[in-house]
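Work through the exercises below with the structure open beside you, and try each task before reading its solution.

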Amino acid sequence: MSSKEQGLHLVLEVWRQKGPEDAGRFESYVLDSVSPDNSFLEMLDQLNEKLVKEGQEPVAFDHDCREGICGACGCVVNGQAHGHEKGTTLCQLHMRSFPNGAKLVLEPFRATAFPVLRDLVVDRSAFDRIIQAGGFVSVSTGSAPDANLVPVAKDNAEKAMDAAACIGCGACVASCKNSSAMLFTSAKVSHLALLPQGQVERERRVAAMVAQMDAEGFGACTNTQECEAACPKEISIENIARMNREFFKAKLKRL
Amino acid sequence: MAESKKTGGATTAAPSGNAASQAPKGTLDGRCPKGPIADRWTQHKFELKLVNPANKRKYEVLVVGTGLAGAAAAASLAELGYNVTVLTMHDSPRRAHSIAAQGGINASKNYKNDGDSTFRLFYDTVKGGDYRARESNVHRLAEVSGNIIDQCVAQGVPFAREYGGYLDNRSFGGAQVSRTFYARGQTGQQLLLGAYSALSRNVGAGTIKMLTRRDVLDIVVVDGKARGVIARNLVNGKLERYGAHAVLLCTGGYGNVFFLSTNAKACNVTAAWRAHRRGAFFANPCFTQIHPTCIPVHGDIQSKLTLMSESLRNDGRVWVPKKAGETRPGADVPEDERDYFLERRYPSFGNLVPRDVASRAAKQVCDEGRGVGSTRLAVYLDFRDAIQRLGKNAIAERYGNLFQMYEKITGEDPYRVPMRIYPAVHYTMGGLWVDYNLMSNLPGLFVLGEANFSDHGANRLGASALMQGLADGYFVIPYTLGGFLATEPLGSKVSTDHAAFAQAEAETKERLQKMLSARGKRTVDSFHRELGILMWDHCGMARNDAGLRRAAGRIAELREEFWKNVNVPGSGTELNQSLEKAGRVADFLEFAQTMVHDALYRTESCGGHFREESQTPEGEAQRDDQNFSHVAAWEFTGIGEKPALHREELSFEYCKPSQRSYK
């Protein structure tokens with residue numbers, strides 16, 4: 001096919017918003033000669049180079065490692081957070097998975113708790129505050145015993161690792177009709193609840209993190225499971241079930 | 001101290017002159033403790049002065065960067081009671097590039113009962129660094145390595161376990177024991193999330209003030225001491241002043257001077273370079289590590305390179321066609337027309353030679369026109385024989401996620417066709433010069449992690465970067481910073497109204513304005529790409545005198561053009577990513593010249609620095625201990641001016657330098 005040699009022709013509808021106070025609007029751009037080997041973010045680089053050369057302002061978007069681990073990147077592509085490919089961050093999505101002539105609608109990760117700062121850049125500091133509320137083991141530097149003193153069952157370590165793989169990108173929130181942060185929060189609650197090191201603060205942790213999640217304005221979970229489908233690290237909603245149990249037990253004990 | 005009035009801009013071309021025979025202006029003392037090496041750190045900790053617990057909260061400390069070194073340092077210092085403020089350019093401290101480290105973290109726990117010890121880790125690291133690191137520092141690193149694992153496990157880092165519930169280890173390059181702890185292929189992520197959780201606990205408790213989306217653009221120096229920073233709030237563009245009793249730079253390496261590297265896009269040299277311009281010495285900038293197994297460059301829009309774990313070389317065979325200009329697909333090239341060049345040249349180590357050796361060999365065959373793929377800048381890493389021998393399932397079990405990642409990026413199935421790989425810039429061993437206490441030559445300015453030059457010499461071993469970042473942050477700086485602050489009167493903190501703050505802010509503002517007002521024809525990225533190609537061609541895997549001199553001249557021209565012809569849209573009073581990038585590229589354009597100067601000066605080959613003039617008859621790196629067994633630390637003398645040399649002599653009492661051989 002000729003698109004292999006000449007590259008893809010794309011029509012982009014991109015959300016442009018000057019700042020938090022600006023109402024924002026979609027703007028259309030046409031982009032030619034997009035190499036199928038490029039990543040989605042490299043396609044955006046190409047668009048921005050073009051815009052700058054034409055005297056326009058480039059599209060702002062967060063990104064950093066470009067290998068799917070830092071969690072900085074992400075936008076909604078044609079209604080899906082990080083685009084259509086399963087288990088893939090936007091930076092790892094490649095243009096060969098789009099047909100020539102594709103129309104792509106790009107929006108920021110929208111949620112009340114994620115105010116737009118500019119274009120596709122949103123403020124996800126609410127996630128940091130949820131972790132600050134309790135997503136840790138209170139162990140000061142120097143007070144740890146020998147690492148092999150407490151054995152951890154391999155299965156538990158693996159399950160904890162599955163949950164700990166969360167990159168904090170916010171796709172779960174953006175894809176949820178309730179803008180719920182349950183998948184994010186439950187991944188951290190699960191990770192620590194599954195390990196012996198997390199036991200001492202287990203109840204206090206889940207209560208504090210859920211309270212903070214609610215205070216930030218994230219919605220409740222109604223089991224639509226879109227978060228799991230959108231998660232680039234394929235974090236399971238089993239974690240949400242676990243967090244609900246943890247939360248219930250914590251509340252029972254404290255009441 | 002050299003404080004230049006220049007704020008960037010047109011300067012004279014590069015008189016690198018006689019770098020090769022440059023006489024030192026001064027000598028540096030690393031202030032290492034004396035005595036038996038195993039006792040030095042213990043004795044030193046005892047001798048360091050202490051800060052009274054009630055006084056600690058009155059001491060203010062700025063930590064710049066939240067990677068392993070920064071997050072670990074900030075949390076540990078806050079726990080001790082210091083008044084800590086942290087700045088990061090990211091939207092969250094968890095984004096720092098430590099997060100991308102794959103393989104693991106070394107520690108001499110000897111859990112495998114295979115003969116590991118503090119001394120062996122120390123020895124392997126000094127040797128792996130090609131005898132260009134300080135013995136005292138490296139021994140301390142090995143000593144605290146076990147504490148790091150203890151700390152991380154207590155935080156809940158989900159390291160790989162055996163069925164009995166105890167920690168698992170794997171082996172890595174440059175060592176004959178299994179001492180690498182890992183969390184799948186995401187060790188860096190899990191360690192960083194551990195440090196981030198410790199940091200977050202303190203932020204939540206109000207013991208750390210956390211400032212995100214802040215770019216540190218200058219270091220404020222008063223009477224020779226570091227007293228604060230100037231930061232740009234990336235959301236609203238405002239310049240902010242922060243003062244403190246001490247400043248910790250934990251800002252990572254400068255690999256992005258090459259534009260294409262395995263570093264994250266925002267990794268930059270700015271804070272370190274600005275500190276250098278304010279008087280901090282930059283040590284061994286030419287020591288950069290090129291990783292042999294990366295996915296090759298595919299086109300001119302490409303923005304970064306992706307590393308494939310070097311564990312692949314356990315089963316993959318590296319080859320190129322014997323004939324130059326071969327056009328058949330790799331799988332169709334018959335066996336007798338293939339050159340398995342690593343196995344041919346290094347029969348005893350074969351495909352598992354160290355990173356620097358494998359990288360140079362790949363470059364050589366590509367230079368001979370035998371590279372593969374559309375760009376001819378790649379070699380094959382072929383699993384055909386391993387799949388035949390072990391079956392596809394066994395290979396999938398070992399490398400499934402890597403094969404998947406490769407296919408995602410290249411669109412090719414490595415089970416059917418050989419992978420194409422090529423070396424890429426990965427890590428920088430050079431950095432700001434620090435003494436044994438991790439303090440630069442500017443009192444009050446401490447440098448941790450990849451940003452300093454200290455522990456890896458001329459070549460870093462795999463799984464040692466995570467170890468060093470966390471060692472510096474958790475177990476070194478909490479002691480050594482106290483030693484410094486105990487001698488600093490509480491009243492010594494300088495008000496941010498001081499003239500030095502005003503001047504630094506004014507200079508920063510002027511520099512930003514200058515970039516914004518150039519309104520030229522070239523984008524920031526186009527300058528960065530050109531600089532990157534220049535550095536890769538002349539100061540990359542192999543360097544020679546003529547090429548380095550050419551690069552020095554061209555960098556100066558490019559820098560001059562940048563200030564006249566760069567196009568930075570938008571204003572300075574808003575979220576402006578073009579402006580952020582422009583500032584970083586402007587600093588890379590200045591830094592690159594110092595890096596090239598250092599490479600010219602060091603006429604020997606060692607570790608990641610290969611001077612073509614200094615090789616054995618077989619084409620291997622030839623060290624020159626007679627003339628270069630020292631750290632070259634450079635003092636800023638002006639943009640494009642020849643930097644002044646300060647030498648720190650290295651002595652090896654415990655690891656006797658020898659020529660590395662992998663034949």
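The exercises that follow concern a predicted model, and each task is paired with a stepwise solution.

**Exercise 1.** Check whether the length of helix α9 (residues 355-367) of chain B agrees with its number of residues, and find where its buried residues pack.

Solution. Next, count the covered positions, taking a residue as buried if 20 or more other C-beta atoms lie within 10 Å of its own: 11 of the 13 residues qualify, including Val357(B), Ala361(B) and Cys366(B). These buried residues pack against β12 (288-294), β13 (317-321), α8 (341-345), β15 (379-382) and β16 (419-428) of chain B. Finally, look past the helix, where Gly369(B) follows with a positive phi, near 85 degrees.

**Exercise 2.** Determine in which sense strand β1 (residues 8-16) of chain A pairs with β2 (residues 25-34) and with β5 (residues 103-107) of chain A.

Solution. On the β2(A) side, eight bridges are found and the pairing is antiparallel, with Val11(A) bridged to Val30(A). On the β5(A) side, four bridges join strands that run parallel, and here Leu12(A) has Leu104(A) as its bridge partner.

**Exercise 3.** Describe what chain A brings to its contact with chain B.

Solution. The contact takes 64 residues from chain A and 65 from chain B. Within the chain A side, α2(A) gives the largest share, seven residues, while the residues of that side divide into 29 nonpolar, 19 polar and 16 charged.

Terms used
Residues are numbered from 1 along each chain as its sequence is written. Chains are lettered from A and ligands numbered from 1 in the order in which they are written. This is a predicted model: local features need pLDDT of at least 70, side-chain atom pairs count only at pLDDT 80 or more; totals for chains, interfaces and linings use all residues. Helices (H or I, at least four residues) and strands (E, at least two) are DSSP runs, numbered from the N terminus. The expected span of a helix is 1.5 Å times one less than its number of residues. A residue is buried if 20 or more other C-beta atoms lie within 10 Å of its own, exposed if 12 or fewer, and partly exposed in between; C-beta atoms are placed from the backbone. Two residues are in contact if their C-beta atoms, placed from the backbone, lie within 7 Å. Ala, Val, Leu, Ile, Met, Phe, Trp, Tyr, Cys and Pro count as nonpolar, Asp, Glu, Lys and Arg as charged, and the others, Gly among them, as polar. Two strands pair if DSSP finds at least two bridges between them.
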